[in-house]
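Please have the sequence and the structure open while reading.

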Amino acid sequence: MFNNAGKNKYHEMAARKGIESSTWRPRSKLTSELQLHLCGSLFTVDKELLAKKSSKIAKLMQRNPNGDLSNLLRDIPADQESMEIVGRFCHGFSINLTTENIVRVSCVAKYLGMTDNHCPENLLTKALAFFEHHVIPSWNNSVRALKTAENMLDHASELGLIDYCAQSIISKAMEDPRLLGESIGSVPISDDEEEDSNEYKPNARRKLFDIEWKSEDLSSLGLRLYAPIINAMIQQKIPQENVAANICQYAKTWLFSDEEKIDENSQREILEALVQLLPQERDIVTCTFLFHMLRFAKFLDASSDCMNGIEQRIGKQLDQASVKDMLIPSQGYAKDEQYDTECIRRILKNFYMHYTGPDPTGLGLVAELIDEFLIEISADIDLKMPTFVAFADMSVAASDGLSHRTSDGIYRAVDIYLDKHRHLTESEKEEICKVLNCNRLSSEACEHAAQNERLPVRFVVQALFVAQLKLREAFVPRIAAAGGGGSENSNGRRVVVERREEEEEGERMEIERMGSKVKELERECDVMRREIERSGGIGFSGSGFSNNNVVKKNKKSGKMSMWKEMKRKLGCGMSSVDGDYHCLVKKKKKVHPR
């Protein structure tokens, strides 16, 4: 007999199911009762009636006729609902088996020994028959039943229910991989193609009217059930695109969801398991998803094998990434830099190690990606100069062989870095600017560099010289085109030649102006040097001057000045009239066409 708590619970359930409590079970004159503690509640059942259906209870009553059996049944895999079904069955009333309770009822019947050997047409037989005819044939019912088995895996596995559900799910996925989810390459078809094609290609419009398309998602399963099923699907050669799509959905459910369903340790376990299940081939999942996984791996402090696996997969398809994906925040208080540059460096290494395609498009995309990444991190005030130079060298190396690419991206990154790091010395600025090649800058970038006060003087002079050369080269085709006509175009040619001579004169004056500016800077340096010598050789380490530096500079006084060396590199002649240095751009004699 149920106690008051059991009766109240039954009345509530009976009201919900539309069953009157008076028809559920008659009052029994038997006084033998068995009390069980189930899910924090006390459940009472008649021992005599239960022993007629249960071989386990019958044996226990024979061994302990007057003893308390509740202590011997503490490990019973039952809850209130399943025990009520057992009680109804023992009293001969109809029972309501569903997909949600069939696994637990079957486990309880197996535990109590409610088999046909003890009593014909017993509960276990009825439960297994329901499981075979209503659960196994259906994908949705198999997933739902499997989900209810998570709290009693050992009992359900011993009964074989886990294997039956798993095999049913796998076989149906082999017949229709779309049950796992659409691959990332699936593109909705247009209305015209939909009318002409008999092949089923679900899109958003068709899903609204296709009731069968809605299927139970495997992401509702726990990891202990999900991982073996997915691994078995991979072994059965189910299309990797669909398997990967389901893994992505599982990650979104358990890792990327805003709801805190599990703790960090469980999330780390799930993440590491999913990385092992993900296919190694490229184009199976998006690069953005892989970077999202990498961020979570760093946040959860996943194993090195897990993070290496993600980085290798990203490296194989880095040409599909965006600069936003690559901006991974540094983890931990000891990290000075804003972004994890070491991780990106390893990913780039993986890309160049695995890139074997004959098409250079991927190389060009990654080279552009490096430039954009360098521009983003250059604004970080904590970014060390060696790190910046290392990525700049990578960008230069990535652009080698790609003649159509300019160095404008690197120049912009250098300009931003120098602007955010104004404490750099002149020598450090020159070290950074070594990565720049003026010949690969666009005309606009050269013009900007020639007027950029943040750049070292040497590079400014180089940029100015290259800008003038580019200007001259731009006018050569025009002069040639103007000279290609007959005698009737003599006046036009004369105008072009005169204009060109004026431009050359302007170039000469501009270079001389820059030479005067550099000489003025050298004079200021000499004045400062003399002042330091007069002060007794006291060094100012903070300003970059010291007594040793003065001695060294005096020893080098007989060598070329910076401006002489620069002109020598630029190929300009030098004359030392009255201590001034001029770039000798020979004036052409004006020869007018006859």
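How much space lies in the second largest cavity? The second largest cavity holds about 40 Å³ of space. The model is predicted, so local features are given at pLDDT of at least 70 and side-chain atom pairs at pLDDT 80 or more, while totals for chains, interfaces and linings use all residues. Residues are numbered from 1 along each chain as its sequence is written, and side-chain values use heavy atoms, with hydrogens and water left out.

**Cavities**

- There are two cavities of 30 Å³ or more; a cavity is a set of points, on a 1 Å grid over the protein atoms alone, where a 1.4 Å probe fits but cannot get out.
- Volume here is the space filled by probe spheres set on the points, with grid points joined across faces, edges and corners.
- The lining of the second largest cavity consists of Leu278, Pro279, Glu281, Ile284, Val285, Leu290, Arg313 and Gln317, where lining residues have an atom within 4 Å of a point.
- That lining has five nonpolar, one polar and two charged residues (Ala, Val, Leu, Ile, Met, Phe, Trp, Tyr, Cys and Pro count as nonpolar, Asp, Glu, Lys and Arg as charged, and the others, Gly among them, as polar).

**Aromatic contacts**

- The model has seven aromatic pairs; rings of Phe, Tyr and Trp (its six-membered ring) pair if their centres lie within 6.5 Å, and planes under 30 degrees apart count as stacked, over 60 as edge-to-face and the rest as tilted.
- One of the pairs is stacked: tyrosine 226 and tyrosine 250, at 3.9 Å centre to centre with 15° between the planes.
- This pair links distant parts of the chain, with tyrosine 226 in helix H12 (residues 223-235) and tyrosine 250 in helix H13 (residues 240-254), 24 residues apart; helices are DSSP runs (H or I, at least four residues) numbered from the N terminus.
- Tyrosine 226 is buried at a relative accessible area of 1%, and tyrosine 250 is buried at 0%; buried means under 20% relative accessible area, exposed over 50% and partly exposed in between (1.4 Å probe, protein chains only).
- The pair of phenylalanine 256 and phenylalanine 296 is tilted, because the ring centres are 5.0 Å apart and the planes stand at 55°.
- Phenylalanine 256 is in the loop between H13 and helix H14 (264-277) and phenylalanine 296 is in helix H15 (residues 287-299), so that this pair, 40 residues apart, also links distant parts of the chain.
- Both phenylalanines are buried: phenylalanine 256 has a relative accessible area of 17%, and phenylalanine 296 has 18%.
- Tyr226, Tyr250 and Trp254 make up one aromatic cluster.
- The face of tyrosine 111 has lysine 56 over it, 4.9 Å from the ring centre; the criterion is NZ of Lys or CZ of Arg within 6 Å of the ring centre and within 35 degrees of the ring normal.

**Salt bridges**

- The count is 14 salt bridges, each a side-chain nitrogen of Lys or Arg within 4 Å of a carboxyl oxygen of Asp or Glu.
- Lysine 110 and glutamate 158 form a salt bridge with the closest N and O atoms 4.0 Å apart.
- Because lysine 110 lies in helix H5 (residues 102-112) and glutamate 158 in helix H8 (residues 153-159), this bridge ties together parts that are 48 residues apart in sequence.
- Lysine 110 is partly exposed at 37% relative accessible area, whereas glutamate 158 is exposed at 62%.
- In the salt bridge of glutamate 311 with arginine 346, the closest N and O atoms are 2.9 Å apart.
- Glutamate 311 is in helix H16 (residues 304-316) and arginine 346 in helix H18 (residues 341-354), so this pair ties together parts 35 residues apart in sequence.
- Glutamate 311 is buried at 2% relative accessible area, while arginine 346 is partly exposed at 37%.
- Glutamate 431 and lysine 434 meet in a salt bridge at 3.2 Å, N to O; glutamate 431 is partly exposed at 36% and lysine 434 is exposed at 62%.

- Helix H4 (residues 80-90) is mostly covered, with 10 of its 11 residues buried.
- The buried residues of H4 include Met83, Ile85, Val86 and Phe89, and also Glu84 and Arg88.
- Glycine 92, with a positive phi near 85°, follows H4.
- Leucine 418 lies in helix H21 (residues 408-420) and is buried, with a relative accessible area of 2%.
- Leucine 418 and leucine 455 are 7.7 Å apart in space, C-alpha to C-alpha, and 37 residues apart in sequence.

Conventions: Helix = DSSP H or I, 4+ residues; strand = E, 2+ residues; numbered from the N terminus. 1 Å grid on protein atoms, 1.4 Å probe; cavity = no way out; pocket = protein on both sides within 12 Å on 5 of 7 lines; lining within 4 Å.
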